[in-house]
Amino acid sequence: MNKTDKILVAGAAGMVGSALVRALLAQGYDNILGTIHRKAPDFGPTASGRVRLESLDLMDQAAVRAFFEKERPSHVFLAAAKVGGIHANNTYPADFIYANLVIQTNVIHSAYQVGVQRLLFLGSSCIYPRECPQPIRESYLLSGPLEPTNRPYAVAKIAGIEMCWAYNRQFGTRYLAVMPTNLYGPGDNYDLQTSHVLPALIRKAHEAKVRGDRSFTVWGTGTPRREFLYSDDLAGACVFLMGEAEKIETLFSDHEPPLVNIGCGEDVTIAELAGMVAEVVGFEGEIVFDESKPDGTPQKLLDVSRISGMGWRPGVALPEGIGLTYGDFVKG
């Protein structure tokens, strides 16, 4: 990517999209276009004249096509998605598969129609089988049954990977799919009905501390293991991949999908995570585990040797990242 290329971040108001904009700004890119569907984030004084945000319903096929025809970006980061935790996925499975299929189909196809050669599609580690060998290699895709609690979302993301691969093979594009591990960071969703585990723990621990409660409750047994990556680290990895055309060229073949795992290569139990959050928040009471609630997948640790071999490493350790995220939560 050249510093003056028009770079589109689809979903620039979300946690990942806003992190992508920050990463692009930090690396000197001067022509950033973002789509939003809610209140625009404040990217600070350095964004003036360098970031333009447009309100766009990515589920409206005609509107997306017209937007791409008008703007004709050279590079696209597809960060827009409908996301949520176990409760949200269990409660709204139709919403999750429909919204994600429509958003990614509209953006990927419109990008192709106006000649975009480089696109990065953001998926999720839930695409991999529930009972997967650990750590999870990219080659394990479609090698076994998915986790039932988020199967509709996972199937949608798998379709996005397949779509990128199909367009590459048929049309010669260079569309890349990255599968991040569990993400957290500024701008996360702290709604207990729809959030992922780490922001939910932050809210529970904070509110328990404020109320003076003696305990707060965590879903499940606390034994599942999860890997976590700070959102700005993910964004840095994505910009790195889009800027390293020679290093990723081997990913584009007829034999396997153009897929890259992004994570830190280390995991913790949910119980350990809850303890870290309680320490950062300053909650000194008991953590209670509700074993009547689902655990989800027993372990999800990504094999990150592919991107590590290209020279990328994360920079924010989990305790530090929790502290930064808690600061964002307190600011509101």
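**Exercise 1. State which strands form the open sheet, and find its edges.**

Seven strands form the open sheet, in the order β3-β2-β1-β4-β5-β6-β11, with parallel pairing. The edges are β3 (51-55) and β11 (259-262), each of which pairs on one side only. From one strand to the next, the twist averages 20 degrees. Here strands (E, at least two residues) and helices (H or I, at least four) are DSSP runs, numbered from the N terminus. Two strands pair if DSSP finds at least two bridges between them.

This is a predicted model: local features need pLDDT of at least 70, side-chain atom pairs count only at pLDDT 80 or more, and totals for chains, interfaces and linings use all residues. Residues are numbered from 1 along each chain as its sequence is written, and side-chain values use heavy atoms, leaving out hydrogens and water.

**Exercise 2. Work out how β5 pairs with β4 and with β6.**

Step 1. Take β4 and β5: they pair in the parallel sense over four bridges. H75 has R118 of β5 as its bridge partner.

Step 2. Take β5 and β6: five bridges join them, and they run parallel. F121 stands opposite A177 in β6.

Step 3. β5, α5 and β6 make a right-handed β-α-β unit. Right-handed means that, with the strands pointing away from the viewer, the path from the first strand over the helix to the second runs clockwise.

**Exercise 3. Decide which way the side chains of β5 point.**

Step 1. Recall the rule: in a regular strand the side chains alternate between the two faces of the sheet.

Step 2. Apply it. R118, L120 and L122 point one way, and L119 and F121 the other way.

Step 3. Check the cover. Five of the five residues of β5 are buried. Buried means under 20% relative accessible area, exposed over 50%, and partly exposed in between (1.4 Å probe, protein chains only).

**Exercise 4. Describe the setting of N168.**

Step 1. Locate N168: helix α5 (residues 151-171) holds it.

Step 2. N168 is buried, at a relative accessible area of 9%.

Step 3. List its contacts (heavy atoms within 4.5 Å). Leaving out residues up to four places away in sequence, N168 touches T173, R174, Y175, F252 and P258.

**Exercise 5. Find the buried residues of α6 and what covers them.**

Step 1. Helix α6 (residues 197-211) has 15 residues.

Step 2. L198, P199, A200, L201, I202, A205, H206 and A208 are buried.

Step 3. Their cover includes β7 (182-184), β8 (215-219), β10 (228-230), α9 (270-281) and α11 (318-331).

Step 4. After α6 comes G212, with a positive phi near 80 degrees.

Definitions and conventions
Axes are lines fitted to C-alpha atoms, for helices over the stretch in contact, and angles run from 0 to 180 degrees between N-to-C directions. The expected span of a helix is 1.5 Å times one less than its number of residues.
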